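Work through each task yourself before you turn to its solution.

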Amino acid sequence: MSGEETMPERDMPERDDAMMAAEHALGLLEGEELLAARGKEASDPAYAARKAWWEAHISPLSDEVAGMEPSPEVWAAINAHVNSRADSQGGEVVDLQSRLRRWQWTAAATSAAAAVLLAVMVFAPGTGPTVSPTPDETPMLAAADPLVAQVPIGDTGLRLDLTYMPESEKLLVGAIGLTADGVHDHELWLVPEDGGELQSLGVVTPGEVRAHSLDEDVIRNMGDGVQILLSREPLGGKPDGVDAGPVVAEGAFTQV
Amino acid sequence: MADTNSDQATIAREQLRANMVRLADGDSAALEKIYNATRVKLFGICFRILGDRKEAEDALQDVYINLWQRADRYDPTRASPISWLSTFARNRAVDRLRTGKVRGGAVPVEEANPLPDEAPLADSLLVDAEQSAQVHTCLGTLDSKTSDNIRSAFFDGYTYAELAERAEVPLGTMKSWIRRGLQKLRTCLEASEAT
């Protein structure tokens, strides 16, 4: 027994494990005694069962405690925690920040030109980008270097990230962080160096990284220094026979 | 009336039990149902122990997140779900006390802010009346000094040392009182279990 018990009662009951389990269940222990009891609970099934027996029997006492309504923030915090975890386990809630980081990582990897393979980028929440070469397009070293462009969106700090892989005939358009306003879409345009008509590079999908397939006559005009415009259009992109909407952002391709 | 109430109670308990099983099976949506059915009771317990609204809300959050992470710890064949959850919440709250961040307990009743009449019925429906009667009956067989101290340990989260200080008796005396009380309590509970 500890030295603090200077006045033991004559008939102090022996303090065996069963008694410690009762004291532990009731919450009387502290300090080293509590640590020892926790250790026993983790390692000794008989002790753990005895503690659980006490807990089950004294638990109905808590029916006397008046109920109280916690503030709504408590559930909000619990729910946010559960959802963020569910996302990282493949749930549907998208954490844009983590996707942005993944995209930046991908972009960095993509810029290492020689290592770039023909690839389909599959972005599954939580799993990180999966680079899966398509079977009919055997991976090979880039014959030509990719073109990249950044299109800053006003002073929002957001931007479109474009990567063009010469061999893939695809343009990766990253629009992470952008949100749809529900009434407009934004369309990317290539400005041919020969002064020809603007060529569509496709409608941007807000919040996503998408691969846009390019037509041969567009691909012909791709190159270092080629200018890109972003216009604001009705949903679905510029209708046929109508002038393009206002230009809201611009950028230019750079060869990596 | 009484039959209707007990039917409702049985249904409420079984719904809670089913949701606990669903949660253990990985169905996160069950957590909200469990929260809605039990938050008032569990928050009351956390607040009673911790004596501070903010601390109690942190503890409550901790309780449900832990529950979600480790719902498989609940064995539906062995324990009443509300009894198990109450124990879980109380233990988390007492753990917080013991880490020394707060000194709660002894919340004056008027501060405890009991719910007005619209208090969710779910709480009282979940109570297991028989089990409840057992511990009350057995505590009643102890002398009032002993049962008061055991109850204070349970409700306010006091340690031996704190109980001794409050009762102005030596620590050894308090330990002796409570240990003898716990022995009697165990004998009584086991006897009523056997019948």
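**Exercise 1: two helices of chain A**

The crossing of α1(A) and α3(A) is right-handed, where a crossing is called right-handed if the near helix is turned clockwise from the far one by less than a right angle, and left-handed if anticlockwise. Before going on, note that this is a predicted model, in which local features need pLDDT of at least 70 and side-chain atom pairs count only at pLDDT 80 or more, while totals for chains, interfaces and linings use all residues. Residues are numbered from 1 along each chain as its sequence is written, and chains are lettered from A and ligands numbered from 1 in the order in which they are written.

Task: state at what angle helix α1 (residues 17–26) of chain A and helix α3 (residues 45–58) of chain A pack, and which residues meet.

Solution. Two packed helices are described by the angle between their axes and the distance between the axes. Here the angle is about 45° and the axes are 8 Å apart; axes are lines fitted to C-alpha atoms, for helices over the stretch in contact, and angles run from 0 to 180 degrees between N-to-C directions. The helices α1(A) and α3(A) are therefore oblique to each other, given that angles under 35 degrees count as roughly parallel, over 145 as roughly antiparallel, 65 to 115 as roughly perpendicular and the rest as oblique. Next, look at the contact, which requires C-beta atoms, placed from the backbone, within 7 Å: α1(A) brings residues including A:Asp17, A:Ala21 and A:Leu26, and these meet residues of α3(A), among them A:Tyr47, A:Trp54 and A:Ile58.

**Exercise 2: burial in α1(A)**

Task: find how many of the residues of α1(A) are buried.

Solution. A residue is buried if 20 or more other C-beta atoms lie within 10 Å of its own, exposed if 12 or fewer, and partly exposed in between. By this count seven of the 10 residues of α1(A) are buried, namely A:Met20, A:Ala21, A:Ala22, A:Glu23, A:His24, A:Ala25 and A:Leu26. After the helix comes A:Gly27, whose phi is positive, near 90°. For chain A as a whole, 26% of the 256 residues count as buried.

**Exercise 3: a helix pair in chain B**

Task: describe how helix α2 (residues 29–50) of chain B and helix α4 (residues 81–98) of chain B cross.

Solution. Their axes come within 9 Å and cross at roughly 30°, and α2(B) and α4(B) are therefore roughly parallel to each other. The crossing of this pair is right-handed. Finally, turn to B:Cys46, which touches B:Ala56, B:Ala59, B:Leu60, B:Ala89 and B:Ala93, not counting residues up to four places away in sequence.

Note on methods:
Helices (H or I, at least four residues) and strands (E, at least two) are DSSP runs, numbered from the N terminus. Two residues are in contact if their C-beta atoms, placed from the backbone, lie within 7 Å.
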